[in-house]
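Please keep the viewer open as you read.

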Protein chains: 2
Amino acid sequence: MPFSERYPSRLLEDAVQAIGSLPGVGKRSALRLALHLLRQPQENVHHFADSIVRLRDEVRYCKECSMISDEETCSICSDRSRDFRTICVVESVRDVMSIENTGQYHGVYHVLGGIISPINGVGPGDITVSRLVSRVGTLAASGNASDVEVILALSGDVEGETTSFYIYRQISSFGVKVSSLARGLGFGDDLEYADELTLGRSITNRQIFKP
Amino acid sequence: MPFSERYPSRLLEDAVQAIGSLPGVGKRSALRLALHLLRQPQENVHHFADSIVRLRDEVRYCKECSMISDEETCSICSDRSRDFRTICVVESVRDVMSIENTGQYHGVYHVLGGIISPINGVGPGDITVSRLVSRVGTLAASGNASDVEVILALSGDVEGETTSFYIYRQISSFGVKVSSLARGLGFGDDLEYADELTLGRSITNRQIFKP
């Protein structure tokens with residue numbers, strides 16, 4: 001039995017297994033990282049672990065848009081200068097950060113927290129679609145419905161298209177404008193890998209959603 | 001200012017900074033890993049952090065060879081079937097694991113915990129050389145000194161050669177055999193990247209150290 005299967009220390013083995021459970025981190029890298037942490041000052045390692053535990057335990061989600069936040073309402077939804085009648089619907093927190101980085105968008109967001117995927121057992125009830133629908137309904141009822149725009153900024157794969165179509169069917173009766181990102185990006189690309197220029201263009205050149 | 005510079009949450013920023021401080025983990029990967037951890041069940045994240053803190057706080061080092069261990073004496077130094085008159089001197093814990101993986105070595109180890117490097121401010125006093133010297137001295141005095149072999153299994157770079165030479169000068173007067181790894185490996189290669197076959201050969205074909 002190779003020695004890597006029976007670690008010199010149970011503590012080391014536990015740490016390597018925990019680190020190796022992270023996506024994209026192999027067993028060899030996990031061992032390297034564990035031994036790196038072992039060489040760091042004790043307070044640094046405690047700070048490392050604390051910051052992760054605190055993130056998981058104490059983070060909050062904006063009651064408006066479900067974005068990560070330290071407050072009840074996130075910094076975007078609290079910003080009076082944003083256009084509250086334009087809602088950009090994204091899959092994840094990371095997508096909000098990517099779009100904000102382009103500096104091209106001044107509306108608000110709605111973070112679905114996932115994407116409809118029958119294969120992965122994710123249905124509409126597992127993401128924040130119903131909250132989006134009631135949010136759009138409230139907006140449409142307060143003032144001119146045609147002033148409201150919902151931008152479907154989801155990935156271009158089957159799950160993304162399915163989710164876009166599902167949302168479109170739920171909100172089209174409100175008479176609001178529904179658009180989707182201009183595909184300057186290659187079909188099927190994830191938002192997170194797009195460069196800021198391309199992503200910025202996609203926001204600016206968004207098109208009316210025609211299913 | 002791009003949004004990535006002002007994170008949506010202080011907690012997220014702290015976690016990304018902590019994860020990004022690991023070697024080989026960029027800011028983008030750190031964000032991905034932080035958001036991954038955020039999606040995991042709370043007890044998994046606690047276990048993740050605990051295993052790292054416990055490794056750092058509770059790990060012990062073998063009183064004989066300085067290998068990582070859960071006990072006062074490591075599993076290798078406790079193994080009566082090993083050859084205690086052959087000591088393989090390595091820089092790090094990882095090197096012990098690599099050599100054990102070859103299955104070619106049945107002696108014991110001495111982990112220096114570093115390498116002499118004037119540029120990085122690491123002198124002989126910062127690693128476990130003096131403990132190695134007294135260990136070899138004791139072995140040489142108990143029985144036939146020429147039965148004792150010290151294998152210098154350090155990297156082939158300047159620091160490794162310097163450290164080997166330093167150790168050689170300290171222990172040559174004991175009349176013990178001093179060998180170094182056969183260099184089937186390319187000059188300057190690190191042990192950790194060698195395949196097991198090459199590394200196993202290097203142990204088997206070790207040669208008398210002639211400075």
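This is a predicted model: local features need pLDDT of at least 70, side-chain atom pairs count only at pLDDT 80 or more; totals for chains, interfaces and linings use all residues.

**Where the chains meet**

The size of an interface is often given as the accessible area lost when the parts come together. Here chain B and chain A bury about 5500 Å² between them, and 69% of that area is on carbon and sulfur atoms. In terms of contacts, 56 residues of chain B touch 56 residues of chain A.

Which elements of chain B supply at least two residues each to the side that touches chain A? They are helix H1 (10–20), helix H2 (27–39), helix H3 (42–58), strand S2 (68–69) and helix H4 (93–102) of chain B. The most comes from H3(B), which gives 13 residues.

As for specific pairs, 10 residue pairs are in polar contact across the interface of chain B and chain A, both partners being at pLDDT 80 or more. The count of salt bridges between chain B and chain A is zero.

**The enclosed space**

Rolling a probe the size of a water molecule over the atoms shows where empty space is left. The count is one cavity of 30 Å³ or more, and the largest cavity holds about 60 Å³ of space. Its lining includes A:Leu33, A:Leu37, A:Phe48 and A:Ile52, along with B:Leu37, B:Phe48 and B:Ile52. Helix H2 (27–38) and helix H3 (42–58) of chain A, together with H3 of chain B, each give two or more residues to this lining.

**Charged pairs**

Side chains of opposite charge can pair when their charged atoms come close. Over all chains, the whole structure has 11 salt bridges. One of them joins A:Glu100 to A:Arg82, with the closest N and O atoms 2.8 Å apart. This pair links distant parts of the chain, 18 residues apart: A:Glu100 is in helix H4 (residues 93–102) of chain A, and A:Arg82 is in the loop between strand S2 (68–69) and strand S3 (83–90) of chain A.

Key
Residues are numbered from 1 along each chain as its sequence is written. Chains are lettered from A and ligands numbered from 1 in the order in which they are written. Side-chain values use heavy atoms; hydrogens and water are left out. Contact means heavy atoms within 4.5 Å. Buried area is the accessible area (1.4 Å probe) that two parts lose on being put together, summed over both. A salt bridge is a side-chain nitrogen of Lys or Arg within 4 Å of a carboxyl oxygen of Asp or Glu. A polar contact is a pair of N or O atoms within 3.5 Å; within protein, one must be able to donate a hydrogen and the other to accept it, and residues adjacent in sequence count only if both atoms are side-chain atoms. Helices (H or I, at least four residues) and strands (E, at least two) are DSSP runs, numbered from the N terminus. On a 1 Å grid over the protein atoms alone, a cavity is a set of points where a 1.4 Å probe fits but cannot get out, and a pocket is an open set with protein on both sides within 12 Å along at least five of seven lines; lining residues have an atom within 4 Å of a point. Grid points are joined across faces, edges and corners, and a volume is the space filled by probe spheres set on the points.
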